[in-house]
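I opened the notebook on this chain with charges and salt bridges in mind. The entries below follow the order in which I looked things up.

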Amino acid sequence: VQLQASGGGLVQPGGSLRLSCAPSTRAFRTSAIAWFRQAPGKEREFVAAIRLNSGNTAYRYADSVKGRFAISRDNAKNTVYMQMNSLKPEDTAIYYCAYTMGAPITGVLHSTGTYDYWGQGTLVTVSS
């Protein structure tokens, strides 16, 4: 499975960006997709995840992005989006999308070990 991540760029503080992640698989309707990020000199950290299973959707967000970021999926387009609003300089990082088939429990959606496939990353820079 390959993941195509896109949508990064340079934005001013307070601005918005939308990231996209499209896995090359038809096993989309029962799966979990997450975004992680890694800033220079820091460890990779969880940002947001969405899990779809039998028509039920679960979400999980890092505390640092709650109320500012929103993850969603378009099953018809096999794509997951992450809308990022009110961006801050500390949101600057390379953002990676990750995918796993099946329906992991909500409690592990934040863990890197939950995901089997990773995209190449897209750079988000928040700066004036």
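I counted Lys and Arg as positive and Asp and Glu as negative, leaving out His and the chain ends. I placed each charge at NZ of Lys, CZ of Arg, CG of Asp or CD of Glu. On that basis I found 13 positive and 7 negative side chains in the chain, with the centres of the two sets 7 Å apart.

I note that the model is predicted: local features need pLDDT of at least 70, side-chain atom pairs count only at pLDDT 80 or more, and totals for chains, interfaces and linings use all residues. Residues are numbered from 1 along each chain as its sequence is written, and side-chain values use heavy atoms, without hydrogens and water.

**Fold**

I looked up the secondary structure as DSSP runs, numbered from the N terminus (helices H or I, at least four residues; strands E, at least two). The chain has eleven strands and zero helices.

I then checked the radius of gyration, taken over C-alpha atoms, against the globule rule of 2.2 Å times the number of residues to the power 0.38. The chain has 14 Å, which agrees with the value near 14 Å for a compact globule of 128 residues. The C-alpha trace spans about 45 × 25 × 25 Å along its principal axes.

For contacts I took heavy atoms within 4.5 Å. Of the contacts with a separation of 6 or more, 59% are between residues 24 or more positions apart.

For burial I used relative accessible area with a 1.4 Å probe and protein chains only: buried is under 20%, exposed over 50%, partly exposed in between. I found 45% of the 128 residues buried.

**Salt bridges**

I took a salt bridge as a side-chain nitrogen of Lys or Arg within 4 Å of a carboxyl oxygen of Asp or Glu. That rule gives four salt bridges.

Asp91 pairs with Arg37, their closest N and O atoms being 2.9 Å apart. Asp91 lies in the loop between β8 (79-84) and β9 (93-101) and Arg37 in strand β4 (residues 31-38), so this pair ties together parts 54 residues apart in sequence. I read 0% relative accessibility for Asp91, which counts as buried, and 5% for Arg37, also buried.

Asp91 also meets Arg68 in a salt bridge, at 2.7 Å from N to O. Arg68 lies in the loop between β6 (56-61) and β7 (69-74), so the pair links parts 23 residues apart in sequence. Arg68, like Asp91, is buried. Shared partners join Arg37, Glu45, Arg68 and Asp91 into one network of salt bridges.

Which residue does Asp63 pair with? I found Lys66, with the closest N and O atoms 3.2 Å apart. Asp63 is exposed, at a relative accessible area of 65%.
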